[in-house]
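Work through the exercises below with the sequence and the model side by side, and try each task before reading its solution.

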Amino acid sequence: MTELLTSAQMRAIERAAIESGEVTGLELMERAGRGVVEAIFEEWPELAGTDADSGAGGVDRLAEEGGVAPRPAASPQDICEQKKFRAVVLCGPGNNGGDGFVVARLLKERGWEVEVFLYGDPEKLPPDALENYERWVGNRSIHKWDDNLIEDTLDECEHDLVVDAVFGTGLTRLMPDDTERTWHGFVPRVFSWHQKDRPKYVAVDIPSGICSDSGRNLEGAFPTDLTVSFHRAKIGHYLLPKGPPQGGAVWCGKVVVKDIGLKASYVAGAVRLCDPTKSTLTKFSDTHKYSHGHALILSGGPGRTGAARMAARGALRVGAGLVTLAVPPAAQAEVAAQVTAIMLRRVGDATALAKVLEDARFNAIGLGPALGLDEEAAALVATALEAGRATVLDADALTLLTQDAALFAKLHQNCVLTPHAGEFKRLFPDIAAKLEAAPLKGPAYSKVDATREAAKRAGCVVLFKGPDTVIAAPDGRCSINSAQYERAATWLATAGSGDVLTGFIAGLLARGFDPMQAAETAAWLHVECALEFGPGLIAEDLPEQLPNVLKRLLSRP
Ligand SMILES: NC(=O)C1=CN([C@@H]2O[C@H](COP(=O)(O)OP(=O)(O)OC[C@H]3O[C@@H](n4cnc5c(N)ncnc54)[C@H](O)[C@@H]3O)[C@@H](O)[C@H]2O)[C@@H](O)CC1
Ligand SMILES: Nc1ncnc2c1ncn2[C@@H]1O[C@H](COP(=O)(O)OP(=O)(O)O)[C@@H](O)[C@H]1O
Ligand SMILES: [K+]
């Protein structure tokens, strides 16, 4: 799985590389700037089409240095007919600004018209950024930051590109809103997002104003078409904090990560992006049904059995050897008429459930969807938890946990809780309050922090749903299952899709996955199934996509 870093982890990696003598800060900055230029031309090849001032030399030079691929030299006539590309590069007071000066220089070398604006005092720039500032100003002009001048510059003639290199991983305070700078007024004026032929907006590392650890918007963020980060993506690229103002992924456009030559070393405690490997899933290919475990899914009463039936179908499709629905007697006929491969057991109350669970072959339990909120349902949850099996709790089971501290105390390390935002807030109101509070500084409290704190308190795995599902274990392991960017699947937010996820987790628990791995793998498969089907999906469709999804995954090299 891909590591997602915090700003502190990234700084530590950079510091270790510099201190070991492997690379200098200046070299890293040059590679970062070059990576941004490369990514721009990969994203918009049409922008790589001319270098009117420098001829083909600019391109070849960059290519020799490991930059973009060389292309045939343009004829003089072509060059005359081609318009000159124009960029505005907005640089900030730290090393993010330093990267911006490198980008400006490389574009200029390719014949671009480049205007650079500096927010801050040149004398206060850190050493590598200062060096690149001086390389830039050696023979070109630089403008002191001025909202009106930036706006006039962009209005004066068509620009192809605006590069945002104001703040990166070093954003530690709310965006400035003083008399000298008025970000809140400035951004929307310059940023004519819906205007046809507007310039492309590119963020260096992260859109300025977005906290790279949390994705929180520290007010006044610049939205972008393309975000180019370095070495590893940052957590903030993959979280989607609710607004106002909304933050994270929604501002990044698309995230490209460029290698800047830092070693891929293990980072203790790093958050990971869910992407199970074939080896995670080899457990899918072994043999006998009894070796694949037996999941027990608890159903609600008459008229409320659909949720559990969908969960059971999910558990079976994901590969549990056997799946049994525990059904109240009054709902038995309703369920029996609608299931085939799934078995039924009459479970009238908690005593009956305890009796069923005497059979040690039931090695995983899924409960909560449409279970009910009465005392009987609470007793079922208590009995299930007392059995100590691998257990996934969702929906009504989560609500019951919020109503009874003694029930909450029965949670154990083999449990997985799967709250959506509302359920999370009811279960962990104080943690949710921290997450909802407007951030005043960076790094801000994040959904990752909140889920880790919740998992620690519950003593079990917590899967906090959303397009940025965060999964955490009490020992601090944490991952994000993203349904954003190329995995965007908004149609997954459909009634009952959470019930299917419960089933996927229960099925994987039955197969012997540990709770963290079951939750991560199920969440990932859930989104893959939504992508496989596409828009128009209803929850029942999800389990039926699994055969194709698994086939594709298992045929990976
Ligand atoms: N860490 C690394 O390995 C690398 C970092 N590089 C670049 O360096 C960046 C990090 O550089 P820095 O740590 O200097 O941080 P930044 O350049 O992101 O910003 C720090 C500066 O902004 C000021 N600042 C922070 N929040 C502010 C606010 N709300 N209002 C006004 N000023 C504010 C700080 O006082 C400081 O002067 C990365 O994002 C990346 O672009 C790259 O050069 C390549 C390697
Ligand atoms: N914008 C989104 N894009 C993709 N998936 C989403 C989005 N919003 C929610 N989801 C996912 O949809 C599912 C909804 O589950 P849940 O809220 O429990 O609904 P229900 O109770 O109707 O089943 C979760 O897996 C959640 O992560
Ligand atoms: K930036």
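**Exercise 1: the shell around ligand 2**

Of the 18 residues around ligand 2, those that come nearest are H420, K465, A483, A493 and G498, where a residue is near a molecule if its C-beta atom, placed from the backbone, lies within 6 Å of it. This is a predicted model, in which local features need pLDDT of at least 70 and side-chain atom pairs count only at pLDDT 80 or more, while totals for chains, interfaces and linings use all residues. Residues are numbered from 1 along each chain as its sequence is written, and chains are lettered from A and ligands numbered from 1 in the order in which they are written.

Task: state which helix gives the most to the shell around ligand 2.

Solution: Helix α20 (residues 497–510) gives the most, with 4 residues; helices are DSSP runs of H or I with at least four residues, and strands are runs of E with at least two, both numbered from the N terminus.

**Exercise 2: the setting of H420**

Solution: First, locate H420 in the loop between β15 (415–417) and α17 (421–427). Finally, leaving aside neighbours within four places in sequence, H420 is in contact with K465 and G498, contact meaning that the C-beta atoms, placed from the backbone, lie within 7 Å.

Terms used. Contact = placed C-beta atoms within 7 Å.
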